[in-house]
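Work through the exercises below with the sequence and the coordinates at hand. Each task is followed by its solution in steps.

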Amino acid sequence: MKYIVLALFFSSFVHAQNLFESKVASIFISEAFINEQLAGHLAKSDLVQNLKMKLDPVSSKMLLQGDFQLPLDDMRAIGIERDLARFKFQLSILPKISQHKHLILEFPLSETYFYQANSRNPKRDRVVIPVQLLSLGLAATRGYLAALSGDFSTFDRKIAKYKALLKVANSSIATEKNPDALAVLKSGKKSLELQIASTELERENFGRTAKALNSIFAFSSEKDFNLNNEIQATGNTLMLKLKLSKLVPYLKDIELSGIRVGNNNPDNSGENFLVFDINTMVTEAPPAVKKTPRKPIHYKIPPSLMIRLSQDLFTSKMMLEKEKAKIGDSIKDFKIRFKNGGIHVTGKISKLFWDIPFEGLVDFTSTDPDIFEVRLRQLEVMNVDLKFLTPVVLTAVKSRLKNALSGIATYKYLGNKDHSRVLQVKIKPEKLIPALPNFHLVGVDVRDRNFMLKIGRIQ
């Protein structure tokens, strides 16, 4: 028996040793898109106004800046001027990933502060917020966090408590004979009725807010996502347990591996993005990649989000074995490499007693929203164009796209177009980013070892 146990242990150990962690995708969320979402969801807020997120690729920090307006209705009795009740604030956030793949938000102490909006010397007048009190504040708002996630049990318990007290008050009023005591009981009854009404109204308002924020929570949650359970605070940090199944459900067995702030230009003069890196386990060690200098990118309209898929996602060992079985023994060393400008296809074809090398270039062209074309520009064997290899190449590219983008696209061969053999790929926008069904694929781009999907609005 012990030998069987040892054999099983050794087998599992060897299997584990044959797995390697590899970054297969990155999700880019633009600063402009984040601010658009903040403006939309906080447009009617009386307390927080002009809230904006500033991403700093140099320090890798996220800066939340805005105005805070104290509720004036509660202060009119003491005659406080409106300007004195308005403050500007900054919340500095340094995002990290824990060893258990949880998102850690650290709040640097000296960079989280507020000051009066009409201050002439904000640096002197700023008040540093003691963010170590996050744990206490979080504990005090557990019920509200649960309500934002759709769990209204805290409000329901409060309403049930007030109704029980109201029942007791009504019973006492019916039997009380003393006029003074009766007046007190009636006053208490009115107070309970007001508390019931205000709690029911608060519950209703939270319901609307939770519904409005549902698309944001969908980025990181399953249907049973509950902020009350998913957030923990320690000192000046928050820890969030994020899941990515609603954002990119077509990527399987993935986990969050990193978070960073980036810019699409080497000198940080372009668009800022919050970047989530995604890992999975692969059966082959990822090859060492020599980094090349990045070239500036100038967008006419910057995409709201981008998904960058690694070449490793398209070249799994299982896929290569299936592909080899389909193309037969006449084609050897068939390889597809993602490079700047397109996909490079290479291999050898056996003719008589010779293995003749061939190469081809496949590029991607966006033709309409949610549609792009895979075009085989050239395929040569010793400078001779061989059309019979065209189906092999396009089928291989199609199978890799179907594997990486499982269930979110349809494929159609268009034949020859502009001296190229063309495969049309049509994306289903509602499946591209399920959390944002109104967004569309607005462009694709092939870069060194990467395939980029650019996502945004078309109106």
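**Exercise 1.** State how many helices and strands the protein chain has.

Solution. The chain holds 13 helices and 21 strands; these are DSSP runs, H or I of at least four residues for helices and E of at least two for strands, numbered from the N terminus. The model is predicted: local features need pLDDT of at least 70 and side-chain atom pairs pLDDT 80 or more, while totals for chains, interfaces and linings use all residues. Residues are numbered from 1 along each chain as its sequence is written, and side-chain values use heavy atoms, without hydrogens and water.

**Exercise 2.** Find what share of the residues is buried.

Solution. Buried means under 20% relative accessible area (1.4 Å probe, protein chains only). By this cut-off, 40% of the 459 residues of the protein chain are buried.

**Exercise 3.** Describe the largest nonpolar core.

Solution. Step 1: a nonpolar core joins buried Ala, Val, Leu, Ile, Met, Phe, Trp, Tyr and Cys residues through side-chain atoms within 4.5 Å. Step 2: the largest one has 71 residues, and Leu309, Phe364 and Leu401 are among those with the most contacts inside it. Step 3: helix α12 (residues 390–404) supplies the largest share of this core, six residues. Step 4: apart from it lies another core of six residues, including Ile159 and Leu192.

**Exercise 4.** Locate Met239 and decide whether it is buried or exposed.

Solution. Met239 belongs to strand β9 (residues 237–240). Its relative accessible area is 18%, so Met239 is buried. His102 lies 137 residues away along the chain, yet the C-alpha atoms of Met239 and His102 are 6.6 Å apart.

Note on methods: Buried means under 20% relative accessible area, exposed over 50%, partly exposed in between (1.4 Å probe, protein chains only).
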